[in-house]
Structures are given as structure tokens and as C-alpha cells.
Amino acid sequence: MSGRQVIRNARHWKTGEPFELAVEGGRIVAAGAPGAAGAGASEVDAAGAVVSAGLVDLHVHLREPGGEGRETIETGTRAAAAGGFTAVACMPNTQPVIDDKAWVSWILQRAVELGHCRVHPIAAVTVGQKGAALAELIALAEAGAVAFSDDGHPVMSAEMMRRALEYAKPTGLPIVCHEEDLTLRGQGHMNEGPVAARLGVRGIPAAAEVVMVRRDIELAELTGGHVHLAHLSAAGSFDALRDAKRRGLPVTGETCPHYWTLTDEAVGEYDTHAKMNPPLRAARDRAAVIEAIREGVVDCFVTDHAPHGFEDKRQPFDQAPFGIVGLETALALTLTFLVKPGHLTLARALELWTEAPRRVFGLPEVALAAGSPADFTLLDPGLEWTVDASRFRTKGRNTPFDQWKLTGKVLATWCGGEITHMEESWMEAPAR
Ligand SMILES: [Zn+2]
């Protein structure tokens, strides 16, 4: 986009007050009350839409390199833009695993070429995510990794996790912990409880997550290293995180929309679109997720966007892979199930998708103010719409939310001053 672009008649995401901004050269050059933006070479009438800092998702699986049938950096970042995201952090459980600085550089470069969304690579903790030898954490950090994780797998050896935290500490980057004791998980495929018993599916006890959460909190205390607890799902994990914060330990935690929206009842009659890891839990866990969010115990939201092929999810329940896509429903699930029932204000909900994740990973601040990168999202928090997975930008169709009626929609996304997404119906409205 050349020349000064002005977005008028919006409302500020924190104050709700009338707000406008001007963009030029990839940055916000003026912002404030009506009149502040001045004249533009081109103008967008945002007609009452809320303008927020761009959303950030610290936990996505872009599948490239090696899994291009399921997702690519191109399709994943298009999906991110459609979901209102201007930055994502991608997990290293690709083929090959991102345990090498050349691949970190490659991902960064590929994302810049495409330009749909900023991508921050997370590098593996151990070589090949095999848990046997530490990856070169300092070199990976220097190449641009924003965190380390063996996500997809736990680091089963406590001694290895201790060393990883010690080696990562001088980089200041967190270890993102996929918390799952594999001996307790065994051959489980869904949450252990009455629903699994009725279906005759082997269960995964909540304790498989909680014991590892407790272990890594102790290792954060032992080492002083930053433990970031991935995709928390179980009531006991939130108790542990609350306890760690009381003790002043360097521990943060994230959760995903499906854990506050669904329980294991969603598995219904073996619906593989309700199969993810960690699994959907019991009603009391869902209540604990919401309570921990309300209290501020949860540091940020993530999607754990995990695209899979259509045929992969058509397999019998115990053979289908774990995971669902999430980028294009995340904001609406937040507004529908946390803001609408009054658990969070709109401003706080958006904070958990914007400023909060930036703080957790130490990403540069983005503000709706002159000088800041022009990374922002326009949304209509009251718009009702029906999810249509066949129209997703992601290659994945594996969502339990297809055909759900949700409230709140992303209208447009700007990243680095470029429009990376604009909702067709909104763009074609008579006012524009
Ligand atoms: Zn994981």
C-alpha cells in the first residue's frame, strides 16, 4: 500500500471511545480521537468496528517443512490473518524437526516473503525432539527462535529438563512444556472418566498432565529458568500454576478455546474432531479453566492450531491423530463463551490475545500509537455468524465447531501496514 492510509470511525479496544489512525511505511503515524489521523491518500470507513492491537498466537503447528499436505506456512499464515492474528509462534515438531539454526532462518525468511503474518519459530529443546541430547539452544536463540519446546512430546527426563532450563536461562527464552507423563497416558485416546468408560475408549487421566506440571514447577524453582506450561486443560494444573505464582516462580501458562468451550461429552459417538491432546476434560475441569482465566492465573490464550488431513481424521477413534484447527474460530469462541457470559470484559479478553502473549515470550510491544508497527485488527464483537469449515483458509477441516453459531467476527487485519485479510461481506458494504 503506497501513501498514507487512514482508518476512521472505529472504537478503541480498551476505552470503547471513537478512534482513528493513519498508516504509512508499515507504521502507525498518527492515532487518536476523530481528527487525529488527518487526511489520507486512501481511507477505510470502519463504521463502529473495534480496533485492537493485532492478535498473537504462541502455539500453532504450521507443518512445514515436511507436512505440506496438512498445512504450509502460506496456508497457515493466511488462516492466521483471517483469524485476526498478526503474529504466530510455530512449533518445531516438523520433518525435519526445527533443531537447527538453518531451519529457524528458513522459516523466518519464508514468512517474510509471504507477508501474511509475522512468524516466530520455536526451536526444539532436544535434537530431533528425541529427549536424548540437548539442541544448541544458544545458537538457535541467536538465529531468531523465541522459545524452545519438544511440543507434541514431553521431555520425559527430569534431568534433561533441568539442563534445558539451565542452558536456556542466559537466552532469557522460555521452555514451552507439553505436559504429559507418557507412562500414565499409556494407550489412552481421550479423558479418563465416565464418557470414556461408556464408549469403551482407553482414558488418559488428568494426572498425566498435572504430575508433569508439578515437576516442571519444581524445576523452575531449582534452576530459575522460565517454564511456560502449554495448553493447560486440567483443574489440578491451574491449582499448581496458581501455587507457583504465589511462590513467585518464573512460571507462566496458556490455555485454548476448546478447553473453556467443550468437555469430553463432545466426543459423542467417537467424533475424532473432538480428539486432541491434552484431551477435552470433565465439566469440573472446564469450570476450573474459566475460573483460572477470570482470576488472572492464565497468562495468555493460544489455539494449538493442529491441522490434519481429512482422511486422517476419518479413521477409527483410536487410530485418528490428536488435534484440531483453531486460528479462524479463536476470537469468536473467546467472545461467545467468555465475554458474552460476563467472565471477561472485551478489553481483557483481547489483552489475553495481544499484549499478554507478547509479555510471555518477550516479543516487541505493539500499540495503537504513532511509531508502532501497523499490526492491528478490526472486529465486530456483536456480529453473529455461522462457522463454515469448508471456507477456512487453513488446509485443515478438523474442527468440532463447524456450523456453530458464534458471536464476534474479525473484519480486517493489517500487518506491517498491509491489509492481510478483509472479510468480503464487510468490504462490499455500501459504506465502503
Ligand atoms: Zn502439545
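**Rings, metal and sheet**

Modeller: Let's start with one side chain: at 22% relative accessibility, Phe 337 counts as partly exposed, since buried means under 20% relative accessible area, exposed over 50%, and partly exposed in between (1.4 Å probe, protein chains only). Before going on, this is a predicted model, so local features need pLDDT of at least 70 and side-chain atom pairs count only at pLDDT 80 or more, while totals for chains, interfaces and linings use all residues. Residues are numbered from 1 along each chain as its sequence is written, and side-chain values use heavy atoms, with hydrogens and water left out.

Colleague: OK. How many aromatic pairs does a search of the whole structure find?

Modeller: It finds 7. Rings of Phe, Tyr and Trp (its six-membered ring) pair if their centres lie within 6.5 Å; planes under 30 degrees apart are stacked, over 60 edge-to-face, and the rest tilted. Phe 337 and Trp 404 make an edge-to-face pair, 6.0 Å centre to centre with 65° between the planes. That pair links distant parts of the chain, 67 residues apart: Phe 337 is in helix α12, and Trp 404 is in the loop between β16 (376–386) and β17 (405–415). Helices (H or I, at least four residues) and strands (E, at least two) are DSSP runs, numbered from the N terminus.

Colleague: Which aromatic pair do Phe 401 and Trp 404 form?

Modeller: An edge-to-face one, 4.9 Å centre to centre and 85° between the planes. Trp 404 is partly exposed because its relative accessible area is 27%, whereas Phe 401 counts as buried at 1%. Elsewhere, ring pairs link Phe 85, Trp 260, Phe 301 and Trp 353 into a cluster.

Colleague: Switching to the metal. Which residues coordinate the zinc ion?

Modeller: Asp 151 (OD), His 178 (ND1) and His 231 (NE2), at 1.9 to 2.3 Å. Donors are N, O and S atoms within 2.8 Å of the metal (3.2 Å for Na, K and Ca), and water is not among the atoms, so sites may look incomplete. Along the chain the donors follow the spacing D-x26-H-x52-H. Asp 151, in the loop between β9 (147–149) and α4 (158–168), and His 231, in the loop between β13 (227–229) and α8 (235–246), are 80 residues apart, so that pair links distant parts of the chain.

Colleague: Are Asp 151 and His 231 buried or exposed?

Modeller: Both are buried.

Colleague: And the sheet, what order do the strands have?

Modeller: It's an open sheet of 8 strands in the order β6-β7-β8-β9-β10-β13-β14-β15, with parallel pairing. Two strands pair if DSSP finds at least two bridges between them. The edge strands, β6 (55–60) and β15, each pair on one side only. Strand β8 (residues 118–123) pairs with β9 in the parallel sense over 2 bridges, and Ile 122 stands opposite Ala 147 in β9.

Colleague: Last one: what does helix α10 pack against?

Modeller: Its buried residues pack against α8, β14 (251–255), α9 (257–261), β15 (300–301) and α12 (330–339), where contact means heavy atoms within 4.5 Å. Among those buried in α10 are Asp 285, Val 289 and Ile 293. The 13 residues of α10 (residues 283–295) should span 18 Å, and the end C-alpha atoms are 18 Å apart, which agrees; the expected span is 1.5 Å times one less than the number of residues. After α10 comes Gly 296, with a positive phi near 90°.
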